[in-house]
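Hello,

Here is the structure I said I would pass on. Please look through it first, then read the notes below with it open.

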Amino acid sequence: MSVVRERQFLEGASAIGSAMVAAGCRFFAGYPMTPFTEVLESMAKLLPAVGGTCINAESELEAVGMAWGAAATGTPAATGSTGQGLSLMQESLAEITYARLPLVVLNMARTQGDYFQATRGGGHGDYRHLVLAPCDVNEATVLVQEAFHLAATWRNPVLVMGDYYIAHTWQTVDVAPIEFGPRPATDWAVNGSTGGSGRAKLISPLGDTKRTDDVGYDLAEFYHRRGLELDVMAATVPPRAETAFVADARLVVVAYGTVAKYVRQAVYDLRTEGLPVGLIRPITLFPFPTQIIRDAASHVDAFAVYENNRGQMVEDVQLAVLGAADVSSIGGLSMDSSGFGIAPDLDVATVRTRIRTALEAVN
Amino acid sequence: MSETGRPTITTTGTVVIDVDACKGCDLCIAACPRDVLVMTTHEVNTRGYRYPQLLPGCIACKACAQICPDFVFQVYRYDEPVEQTVTADGVVSEVIR
Amino acid sequence: MSDHHLPIVDTSGPPRRAAKLVDDFTPALINQGAHHLCPGCGEPVAMRLIMEAVEELQLAQRTVAVFGIGCYTAYSNNLDVEVVQALHGRSPSVATGVKRSLPGSVVLTVQGDGDMVNEGLQEVLHTAARGEKVTCFLLNNGVFGETGGHMTAATVLGQRTKNTLEGRSAEQHGYPIVIGDLIAQLAGVAYAARGAVNTHTNVARTKRMVKEALKIQDQGIGFSFVEILTMCPTGWFIETGEAPQYLDEHIEPTHRFGVIKSPRSRRAGDIQPVHH
């Protein structure tokens, strides 16, 4: 049943909240932090109306812990923060992955400096999260719903990389539930009922089988098996990217998130001038659209990566290209004096100039 | 006293001791309110620990089972109490009434 | 064969005469009796009485146990109740998420003093303050047992640990946090009690506290808490047989045995410890 039955003019954070509820989210916990706070406010308003629970946790550590407990019961659960808050959650996010729990995590990021945190993970050990990067409010409402579907399908955390602009831009949206297909049964979830049966359930990041002998957990066996499952997930979830004008481009610009909208506009503008530029906008940051970039590298002369950080996604582009073409960074830190938003230097004219310069370097 | 004048002991229960589960911690010895548990002095189990043995007089109070960290004891309560006599050379016999 | 000149009774098997089994090796809800915890450790004794309480109250099919990290973690995959394994210190938040999602369940945590009073102090205090309808069990032996016996916030003054070898001093190491008393002061707490497993009498009394705490959760009155003082002869550098007395003489004077707060005695901000 759709919570928002008609098109409404909503702030991005509220639109994301509506999307989560439409996707079946019935538990949310968070801690106020700019620019994530309004998502927490939105869920505090929306969830009780549908019989769900929203808790203001005492810190991000407890927010992710509460979401962990809710997820363990099979309840579609989510948490989120901005980059710093996600930093606090890393131990739990890694362990939730080992415990094979579905969880949707929102990063309403301040700039684009959390790419490494999202895709490499700031937690310990070998784990991967699926990472989706919307470029605007509308796409965010779709990807957030898809995140719940992916999390349930793979029993793995899925991170949605938002940002300040998506959180605080008002847009007219219609957040109806999107059908992604059936979700697997949650027969692994706890509710007490198998107690005393001889087969009581266990949800643990240390193992998934009960002791049958003198030995405790066999961590080596479990981590190895868990790693194989993660490999299957990474190989099966289709990587996605928006592409434009790649077929006959000599220079392809790679960008993600809100920043990519500026890049997209700049690429269109330069194309109308007849310049051979193209765009690849990764939508899944993990699995990264390596093959799409590699295919382009077979005929493109150069890639220019536009990201608002000191160079993070450029490494994944370099790995995809593997020397078949030049790769350069044409973005850089860009933030306003608060550190939250993006600086005035992010405008289409500036982006056009940087792409033009990169193209000239190719010639 | 029995008819022969020897001391008698009333036993209302007994235990089964899982000798190889024991880690020799001695907690049961102090816990037993009848002092009918004694640790071996030289004999050890397969793990190398001394272990408890039972003397006549158990009352099936379960103190040993409840205090034991290694779940060594199973406790039984007899349907009928047993009167036992201890002879001079330590042999326990039943008094027939 | 006995090495005593004493009338040893045959205890190798069940009695031949008519008898009833009154206590089995392991409680029904503990799968394997064998474990690798130290000789004389109080934690298996505490786990036993908690699981017996759950069984006697017939709560097994509604219980979700959330485990912290410590020596007792050995039980997280060895119980016949549903278990969610959490991180060090983080059981109360996980328990909150479980209970809010399954209000009809009985949710308990099993944590040590290092877990609850060091790493997880914020978690348990906030969970208690919010009055979450969960029951937190603290196995308090005054040390971080699993990592080798180091000082925790619950270590008592004078106690020797791996990093307070001369005994904890207030000047050098600060004062212990008497966590049971601290928790009891929070308005959301319906029941707070402190028991021990150093004697079988205390085991019986503690089991009554555990049952009371679980019943109070079931009645939805508020947060319930039972601290269980356990022996750690390894961490205390003493013989196993001396540990019960050490607990009485050194630990209990700081972490006092008894019901600290119950619905009958509860008044906001007014704690009346009742020492049995």
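**The sheet in chain A**

In chain A, 7 strands make an open sheet with mixed pairing, in the order β3-β2-β4-β5-β7-β6-β13. From one strand to the next the twist averages 20 degrees. Please keep in mind that this is a predicted model.

How many of the residues of β4(A) are buried? The count is 5 of its 5 residues, so the strand is mostly covered, where buried means that 20 or more other C-beta atoms lie within 10 Å of a residue's own. In a regular strand, side chains alternate between the two faces of the sheet. In β4(A), A77(A), T79(A) and S81(A) are on one side and A78(A) and G80(A) on the other; all are buried, and both faces of the strand are covered.

Helix α3 (residues 60-72) of chain A lies across β2, β3, β4 and β5 of chain A, running at about 165 degrees to β4(A).

**Chain A as a whole**

Chain A contains 13 helices and 15 strands. Its C-alpha trace spans about 75 × 45 × 40 Å along the principal axes. The radius of gyration of chain A is 21 Å, which agrees with the value near 21 Å that a compact globule of 363 residues would have. Of the 363 residues in chain A, 53% are buried. Among contacts in chain A with a separation of 6 or more, 80% are between residues 24 or more positions apart.

**Where chain C meets chain A**

The contact between these chains involves 36 residues of chain C and 40 residues of chain A. On the chain C side, β2 (63-67), β3 (82-85), α2 (91-101) and α4 (121-129) of chain C each supply at least two residues. Which of the elements gives the most to the side of chain C that touches chain A? That is α2(C), with 8 residues. By class, the side of chain C that touches chain A has 15 nonpolar, 15 polar and 6 charged residues.

There is also strand pairing across this contact. Strand β9 (residues 202-203) of chain A pairs with β3(C) in the parallel sense, over 2 bridges. L202(A) is placed opposite V83(C) of β3(C).

Inside chain C, the axes of α2(C) and α4(C) cross at roughly 35 degrees and come within 7 Å. P92(C), S93(C) and T96(C) of α2(C) make this contact with E123(C), V124(C) and T127(C) of α4(C). These residues divide into 2 nonpolar, 3 polar and 1 charged.

**Where chain B meets chain C**

In this contact, 41 residues come from chain B and 37 residues from chain C. The elements of chain B that give two or more residues to the side that touches chain C are β1 (8-17), α1, β3 (52-54), α2 (63-67) and β4 (73-86). β4(B) provides the largest share of that side, 7 residues. The side of chain B that touches chain C has 24 nonpolar, 9 polar and 8 charged residues.

β4(B) pairs with strand β1 (residues 19-23) of chain C in the antiparallel sense, over 4 bridges. In that pairing, Y76(B) faces L21(C) of β1(C).

**A helix of chain C with a buried side**

In helix α9 (residues 243-251) of chain C, the residues A243(C), P244(C), L247(C) and I251(C) are buried. They lie on the same side of α9(C), because they cover an arc of only 110 degrees around the axis. An α-helix has 3.6 residues a turn, so residues three or four places apart point the same way. The buried residues of α9(C) pack against α1 (27-31) of chain B, as well as β8 (189-196), β9 (223-229) and α8 (233-236) of chain C.

Regards

Terms used. Residues numbered from 1 in each chain as written. Chains lettered and ligands numbered in written order. Predicted model: local features only at pLDDT ≥ 70, side-chain atom pairs only at ≥ 80, totals over all residues. Buried ≥ 20, exposed ≤ 12 C-beta atoms within 10 Å, placed from the backbone. Arc of directions from axis to C-beta. Contact = placed C-beta atoms within 7 Å. Pairing = 2+ DSSP bridges. Axes fitted to C-alpha atoms, helices over the stretch in contact; angles between N-to-C directions. Nonpolar A, V, L, I, M, F, W, Y, C, P; charged D, E, K, R; others polar. Rg over C-alpha atoms; globule rule 2.2 N^0.38 Å.
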